Amino acid sequence: MSYFIHRVPKALILESVTTGGLAGVMFCPHPNESRRAFEYDYGSTEGRDSLVNIKDFPELDYLQFYCIESPSSYHYDRCFNDADWLHIRPLFYIEGKAIGYNMRRDKPPLPKALNPLWEYTPPNEKGSWKVGTWALWADEQTIWTGNRDGLILTFAPDGQIHNRWQLPKTTRCLTGNSQGIYATCDDGNLYNLIGKLPQVVYNCRSEAVSLWYDFLIYGLDSYGDRLHISDVYGRITQLNHQLQVQWQQQVASGHSWFLQSDDYALYRGNHQGVAAYAIATGKLLWTYATACVLCGVLTEDTIIIGTGDHHLYELQKSGDIKAKTTEIKVLALCDGAPYACTLTDDQQTIFVADHQADLYAFNRAGERLWKYPLSCGVALAMRCVGDRLYLTTTEGTIACFDLIAIANPAQPVTITKRPIATSPASSPSPATKSPKLAEQPNLALSTLQTELQALANPEKAIALARYFKTGKGEYGEGDRFLGITVPVQRQLAKKYRNLEFSEIAQLLAGEWHEERLTGLLILTYQLPKANSEKQQAIIDFYLAHTKAVNNWDLVDISCRPILGKYLLSRDRQILYQLAQSSNLWEQRIAIVTTGELIKNHSYEDTLAIAQILLNHPHDLIHKAVGWMLREVGKQDRQVLVNFLDQYAPQMPRVMLRYAIEHFEQPQRQEYLMQKGFISLTSAGK
């Protein structure tokens, strides 16, 4: 992966050369910091050669490696409000829509917001944070929605819930034709929702993306009996009525928020502009470069797109095939980046929603009819059917507006929010299942979880999943990442350090690795300022939740500042119980905790636990024991030498190498020869 560096005040922002999207915020080591020490604190790193324009930054001449942080809400707010960040706003617009970022979060509703005819926000049974809804499809009888948790809901035009299904992962796209209603899922499958249960009808996954990682699909289109699928990795696929592949094309990768077709062509918009592909073969017909395309809609003869420069453009469908281009004109200008758009059935009015949670109406000449704020979040998808306008938002809400009522919002119109009732034949509402969660939302916890979700970086998440070995049969199997770096989580942990145990327990029970890490960091910040009674409670809580401390970084970042500091002046029998546990992570807690004791010149527990774990089969224990023995040697070399003289021949290779890493070459070779790792011949070279 290659990146282009953008300079902004107090930050360096990285753009992915491959996808044209926001990769994250660049975080650099100190000039003399080793890569190993840097990776221990901040996770996986990238090399200097991945930065295509690093020569333009002489202050980075020393740089050989760096890491990429997910942008925080601070970065989004700064970008959208600071003129010095103007040149990179399109990157944040693309990623902001992808993660469902709401720049009006935590702000009071505006007084002149449009009132919907009805609206519904599914309760989140996992917590109080918002779950964005991207997928929307509607016809005269039914409205379909799909959200980040894979929840599919169907509604009648009056707002009654008809059905609900649960897909394994995020649903980003929905479409329908005479054969069925189709939904994409980040598990890589295309599902048909006609039936009692969703049926997998096509596997979209490319061999280039491991089975253990999400497969991101951002475009799904139906026209007649054809389906078109566009994924973030740059592949377009056409399926026929039997759901067999007719053709596939490899095109520019990245988010494709606009994908629609007609009898003539398939039109796709991404960060580079708009392109048209022959409907029969997939051959490129024409392309036109614009700012990043965030939404679009087809008319009979033209294409209307909304782009990152806040404009609506209108392009001719029938481009110049020989020159591979087409005609374009500016249609309208919004005050924010247009995230969603749709046309009325008569194609005379264009509705547009922007990243600032505003809704616009334009006529076909591009004249603005009105602009009003939305009270239900930033719209991510919109669709007009008859006299209804449906939209879904970053807050997970589906809202329905009466087109007649909003034709002139300045006129006082009485609009009633209808209560949503689930029909008796459908499954129980989540609100019925967990009324306590709905009635008593925990604002502090929900705000933290919302911030974590807003910081998610899918590309970084994939890298972290590889780094922490989450594949089948690996030590972190099944662990899921949002893609947030440790420094950002430390900031959040300090901000929310006053959470109660019940709230921290919810974080530790969360499905996301970053939730558990942030919860543990909060405990590390609570302990130093706690009285003796509170400290004991923190220790008891930590030991009761060791099942949540289920990867080496979670162990290493928490056990020393929590358990290690507490045991400095107390009985340490608990460490021996943990060392003799059958749980890999409890065993690592036992040995790594002694690092705090070593700092205070107490070595006997480290040596005793090292003996217990000497023949352990897992290399994560080998590394941890070797690391702690090395720390003993830094404090008192003779103590380590005495231990090695007795146990070096029995020590696993990795454990021994870690322990003697700081020894001079002749002494290292002496111990390695005892173990038989090197021969006398090689030692003499």
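Where is the place of Gln 347? In the loop between β27, residues 338-343, and β28, residues 349-354. Keep in mind that this is a predicted model.

Why start there? Look at the backbone. Gln 347 has a positive phi of about 60°, and Gln 347 is not a glycine. The relative accessible area of Gln 347 is 23%. Buried means under 20%, and exposed means over 50%. So Gln 347 is partly exposed.

There is another residue of this kind. His 601 is also a residue other than glycine, and its phi is positive, near 65°. Where does His 601 lie? In the loop between α14, residues 584-599, and α15. Is His 601 buried or exposed? Exposed, because its relative accessibility is 54%.

Now, salt bridges. How many does the structure hold? The count is 24. I will take a few of them.

Start with Glu 661 and Arg 36. Their side chains meet in a salt bridge, at 2.3 Å from N to O. This pair links distant parts of the chain, 625 residues apart. Glu 661 sits in the loop between α18, residues 653-659, and α19, residues 665-675. Arg 36 sits in helix α1, residues 35-42. How accessible are the two partners? Glu 661 has a relative accessible area of 37%, so Glu 661 is partly exposed. Arg 36 is partly exposed too, at 41%.

Next, Asp 358 and Lys 371. Their side chains also form a salt bridge, with an N to O distance of 3.6 Å. Asp 358 is in strand β29, residues 358-363, and Lys 371 is in strand β30, residues 368-373, so this bridge ties together parts that are 13 residues apart in sequence. Now the accessibility. Asp 358 is buried, at 9% relative accessible area. Lys 371 is partly exposed, at 32%.

That pair does not stand alone. Which residues are linked in the network of salt bridges? Asp 335, Asp 358, Arg 368 and Lys 371. Have a look at those four in the structure.

Lys 599 pairs with Glu 596, and their closest N and O atoms are 3.7 Å apart. Both residues are in helix α14. They are three residues apart, so about one helical turn separates them. On accessibility, Glu 596 is at 6%, so Glu 596 counts as buried. Lys 599 is at 47%, so Lys 599 counts as partly exposed.

On to helix packing. Take α15, residues 604-612, and α16, residues 619-635. Their axes are 10 Å apart, and the packing angle is about 150°. How do we describe that? An angle over 145 degrees counts as roughly antiparallel. Therefore α15 and α16 are roughly antiparallel to each other. The crossing of α15 past α16 is left-handed.

Compare that with α2, residues 73-81, and α3, residues 89-99. Here the axes come within 10 Å and cross at roughly 135°. α2 and α3 are therefore oblique to each other. What is the hand of this crossing? α2 and α3 make a left-handed crossing.

Now the surface. Which residues make the nonpolar surface patch of about 250 Å²? Phe 4, Val 17 and Val 52. Phe 4 is found in strand β1, residues 3-8. The relative accessible area of Phe 4 is 33%, so Phe 4 is partly exposed.

Last stop, Ser 375. Its place is in the loop between β30 and β31, residues 379-385. β30 is the strand that holds Lys 371. Ser 375 is partly exposed, with a relative accessibility of 38%.

A quick recap. Gln 347 and His 601 have positive phi values. The pair of Glu 661 and Arg 36 links distant parts of the chain. Asp 358 and Lys 371 belong to a salt-bridge network that includes Asp 335 and Arg 368. That is my tour.

Conventions. Residues numbered from 1 in each chain as written. Predicted model: local features only at pLDDT ≥ 70, side-chain atom pairs only at ≥ 80, totals over all residues. Heavy atoms only, no water. Patch = residues over 30% accessible without salt bridge, like charges linked within 9 Å, V, L, I, M, F, W, Y side chains within 5 Å. Areas by Shrake-Rupley, 256 points an atom, 1.4 Å probe, with all protein chains shown as cover. Salt bridge = Lys/Arg side-chain N within 4 Å of Asp/Glu carboxyl O. Helix = DSSP H or I, 4+ residues; strand = E, 2+ residues; numbered from the N terminus. Buried < 20%, exposed > 50% of the residue type's maximum accessible area, 1.4 Å probe, protein only. Axes fitted to C-alpha atoms, helices over the stretch in contact; angles between N-to-C directions. Parallel < 35°, antiparallel > 145°, perpendicular 65-115°, else oblique. Left-handed = near helix turned anticlockwise from the far one by under 90°.
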